[in-house]
Amino acid sequence: QVQLVESGGGLVQAGGSLRLSCAASGRTFGRTAMGWFRQGPGKEREFVAAINWSGGRLYYADSVKGRFTISRDNAKNTVYLQMNSLIPEDTAVYYCAADRPSFRDIVRVTESEYDSWGQGTQVTVSS
């Protein structure tokens with residue numbers, strides 16, 4: 001139902017910053033919980049951050065708490081992931097995900113809770 005396209009990935013040195021964007025299409029974006037996941041080399045996809053559809057509830061993986069910030073601009077149909085103080089362990093393909101539209105305004109933190117996925121953007125952090 002919701003089409004997602006990530007952008008903003010790239011190569012950065014440890015300690016640097018990147019901002020990922022996820023552009024969404026579809027009239028139901030305003031009532032969709034959104035999340036970011038990542039998959040590192042040889043690893044399973046893991047949860048990174050999530051935000052409810054009204055933007056008032058945020059949740060982060062312990063590994064990124066204090067360094068990453070998720071936000072959204074529903075008027076622009078876009079969700080962001082600001083990544084600061086990057087470390088080599090952050091190297092991964094980052095995916096944006098959207099839940100089905102709902103009036104239950106809650107964050108989603110597991111893969112099975114999401115219905116739509118972007119194709120990913122590569123983030124590489126060098127040491």
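The legends below describe close-up views of a predicted model.

**View 1. The disulfide between C22 and C96.**
A search of the whole structure finds one disulfide. It joins C22 and C96, whose sulfur atoms lie 2.1 Å apart. C22 belongs to strand β3 (residues 18-25) and C96 to strand β9 (residues 92-98), so the bond ties together parts that are 74 residues apart in sequence. The torsion about the S-S bond is about -85°, so this disulfide is left-handed. A disulfide is a covalent bond between the sulfur atoms of two cysteines.

**View 2. Surroundings of the two cysteines, C22 and C96.**
C22 has a relative accessible area of 0% and is buried. C96 also counts as buried, with a relative accessibility of 0%.

**View 3. The largest nonpolar core.**
This core has 34 residues. Those with the most contacts inside it are M34, W36, L81, M83 and Y94. Several strands each supply at least two of its residues: β3, β4 (34-39), β5 (46-51), β7 (68-73), β8 (78-83), β9 and β11 (121-126).

**View 4. The salt bridge between D90 and R67.**
The count of salt bridges in the model comes to six. In the one shown here, the closest N and O atoms of D90 and R67 are 2.7 Å apart. The pair links distant parts of the chain, 23 residues apart. D90 sits in the loop between β8 and β9, while R67 sits in the loop between β6 (58-60) and β7. D90 is buried, because its relative accessible area of 1% falls under 20%. R67, with a relative accessible area of 15%, is buried too.

**View 5. A network of salt bridges that includes D90 and R67.**
The network links four residues: R38, E46, R67 and D90. Side chains of opposite charge can pair when their charged atoms come close.

**View 6. R108 with its partners D99 and E113.**
R108 forms a salt bridge with D99, and the closest N and O atoms of this pair are 2.9 Å apart. R108 also forms a salt bridge with E113, where the closest N and O atoms are 3.8 Å apart. Both R108 and D99 are buried, and the relative accessibility of R108 is 13%.

Terms used: Residues are numbered from 1 along each chain as its sequence is written. This is a predicted model: local features need pLDDT of at least 70, side-chain atom pairs count only at pLDDT 80 or more; totals for chains, interfaces and linings use all residues. Side-chain values use heavy atoms; hydrogens and water are left out. A disulfide is a pair of cysteine sulfur atoms within 2.5 Å. Helices (H or I, at least four residues) and strands (E, at least two) are DSSP runs, numbered from the N terminus. Buried means under 20% relative accessible area, exposed over 50%, partly exposed in between (1.4 Å probe, protein chains only). A nonpolar core is a set of buried Ala, Val, Leu, Ile, Met, Phe, Trp, Tyr and Cys residues joined through side-chain atoms within 4.5 Å. A salt bridge is a side-chain nitrogen of Lys or Arg within 4 Å of a carboxyl oxygen of Asp or Glu.
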